[in-house]
Amino acid sequence: MSDLVKAYTATGNQAYIDKAYEIIRDWVSVHPYGNSPDKMAWHDETTARRLMAWIQLYDVSKRIIDDNTADFIISNIVQTGKILSSSSFYKKMNNHGMFQDQALLIYSDYFSIIKDSVFMSYQAVTRMNEYFTFVISDEGVHLENSPSYHQAIAQSIGQYRDYFIANNNPYGVQLDGLYNKMMRFATFIIKPDGYFPQIGDTPKGKPITTLWNDPGYLYAATQGKSGVAPSATEAVFLKSGYVILRDRWSTGGKGTYIAFTAAYKSAAHKHNDDLNVLYYHDRDILIEAGPYGYDYTNDYTKYVYSSYAHNTLIVDNKDLPATPNIDKKYNMSRLTSSVSTAEKTIVTGVNERFNGVKQERSIEFIKGSNALNVTDVMTATASHNYKLLWNLAPDIDAVVSGNTVMLNSKGVPIAKVEFTSGTGTTVKVVKGQTSPYLLGWYFDKLYDDTPTPTSVIIVDMNGSNSTVSTKFTPLN
């Protein structure tokens with residue numbers, strides 16, 4: 001619909017409008033509400049976006065369509081508005097619900113003479129405020145487990161702010177404060193290479209450079225081409241479940257960056273990435289598999305949501321429940337402390353999602369050498385098999401020698417990994433495994449059906465209580 005509207009606006013050719021209505025008539029005949037052959041036809045967010053597209057189409061075409069077409073599109077717009085207003089259809093406490101509220105605001109504003117438009121406008125604002133209060137932490141972090149969604153929601157909040165301020169609604173001032181509060185996380189989460197870390201459903205991509213006109217944000221978003229480097233190099237969002245550490249703000253992708261996460265506050269876009277660690281030293285070293293898509297029956301989707309796609313713990317070769325049937329054990333994985341000195345920063349978190357097993361992980365950033373030390377302590381009353389996984393960037397080869405692993409890129413040593421444990425451990429590397437389960441794959445984009453094989457270091461041990469120390473030392 002958007003493409004056809006743009007084509008008509010650019011050319012004035014009514015054929016584009018006629019085609020749009022042809023498509024809509026066909027769609028409506030095939031997908032009656034409550035009796036569609038496609039479960040996505042009346043999906044919550046999809047329905048909201050469809051209503052906005054229909055209103056846009058009607059707005060540009062109302063002077064050239066006949067009365068029958070006008071009656072047809074208006075009646076379907078009104079029906080869809082009522083559906084979005086229904087509490088049973090509403091996706092509460094989710095960004096999908098926010099888009100439903102956006103559609104209701106547009107509908108109630110544009111068709112203000114229609115019955116219930118005032119109520120729908122009030123309903124949209126009330127539900128929207130409830131969602132923002134729930135999903136944006138006191139630290140200004142969007143809690144749906146993905147930095148790209150943090151950006152998307154902040155962008156939406158900025159647009160809502162402008163709308164409400166333009167309409168002299170005091171809610172706009174409140175949203176302005178919330179919008180600016182989200183800027184700090186958006187600044188620090190950006191990696192030195194200018195990309196988002198692929199946490200949760202975040203695809204490989206760069207931030208919107210114009211989202212905030214702040215010197216620190218501009219510096220991070222443009223890799224120093226604009227703005228001024230922030231004075232701080234570390235950002236702690238302990239209650240929200242994120243700690244981001246770096247040695248300095250630099251240009252050209254140089255520098256050390258560590259992200260440590262335990263942010264299970266919401267099921268939305270949640271991967272089994274509890275106590276996950278990402279490590280960057282002049283280039284990606286520890287990464288995640290990245291997202292694939294939202295077809296939860298697809299093997300690739302199942303994999304990227306699983307613990308196997310992250311730098312996490314596996315107990316007894318069984319994964320934790322993943323989206324869409326995730327366990328909703330909110331706050332059972334969490335960050336507990338962060339202490340920083342001139343020499344090092346230590347951050348600790350716990351994961352208690354595994355039944356009968358508690359994992360405590362501490363990361364230590366050594367600032368002089370830019371080394372990363374990770375200590376994992378697993379405690380249980382019964383004996384278990386524990387596996388710690390470390391997913392490496394695609395162009396890194398790992399060579400195992402006992403409890404030491406050399407990391408090479410194009411034949412050049414870039415880092416050394418050393419494992420120390422009080423219990424017996426075995427260390428091996430897997431790359432591009434397809435059986436008995438997927439392991440060692442990286443997805444460069446959504447719906448990437450040709451993923452890149454990557455190396456995964458597996459540290460394997462048995463026992464009830466086990467402690468493993470892992471030291472990553474860059475060699476340049």
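Visitor: What makes β8 and strand β9 (residues 357-366) a pair?

Guide: Two strands pair if DSSP finds at least two bridges between them; 8 bridges join β8 to β9, therefore they count as a pair. The strands run antiparallel, with I346 standing opposite E364 in β9. This is a predicted model, where local features need pLDDT of at least 70, side-chain atom pairs count only at pLDDT 80 or more, and totals for chains, interfaces and linings use all residues. Residues are numbered from 1 along each chain as its sequence is written, and side-chain values use heavy atoms, leaving out hydrogens and water.

Visitor: How many bridges join strand β7 (residues 333-340) to β8?

Guide: There are 7, and these strands run antiparallel as well. One of the bridges links V339 with I346 in β8. A hairpin through 3 residues joins β7 to β8. The hairpin of β8 and β9 has 5 residues between the strands, and there G356 takes a positive phi near 80°.

Visitor: Why is strand β8 (residues 344-351) called largely enclosed?

Guide: Buried means under 20% relative accessible area (exposed is over 50%, partly exposed in between, with a 1.4 Å probe and protein chains only). In β8, 6 of the 8 residues are buried, so the rest of the structure largely encloses this strand.

Visitor: What makes β1 (234-237) and β5 (284-286) edge strands?

Guide: They belong to an open sheet of 5 strands, ordered β1-β2-β3-β4-β5 with antiparallel pairing. Each of these two has a single partner strand, so one side of each lacks a neighbour in the sheet. Strand β4 (residues 276-281) pairs with β5 over 2 bridges, and Y280 has D284 in β5 as its bridge partner.

Visitor: Which residues of helix α1 (residues 2-11) are buried?

Guide: They are L4, V5, A7 and Y8. They cover an arc of only 160° around the axis, which puts them on the same side of α1. The arc is that of the directions from the helix axis to the C-beta atoms. On the other side, D3, K6, T9 and A10 are exposed. Helices are DSSP runs of H or I with at least four residues, strands runs of E with at least two, and both are numbered from the N terminus.

Visitor: What covers the buried residues of α1?

Guide: The cover includes α2 (15-30) and α3 (44-61). Contact means heavy atoms within 4.5 Å.
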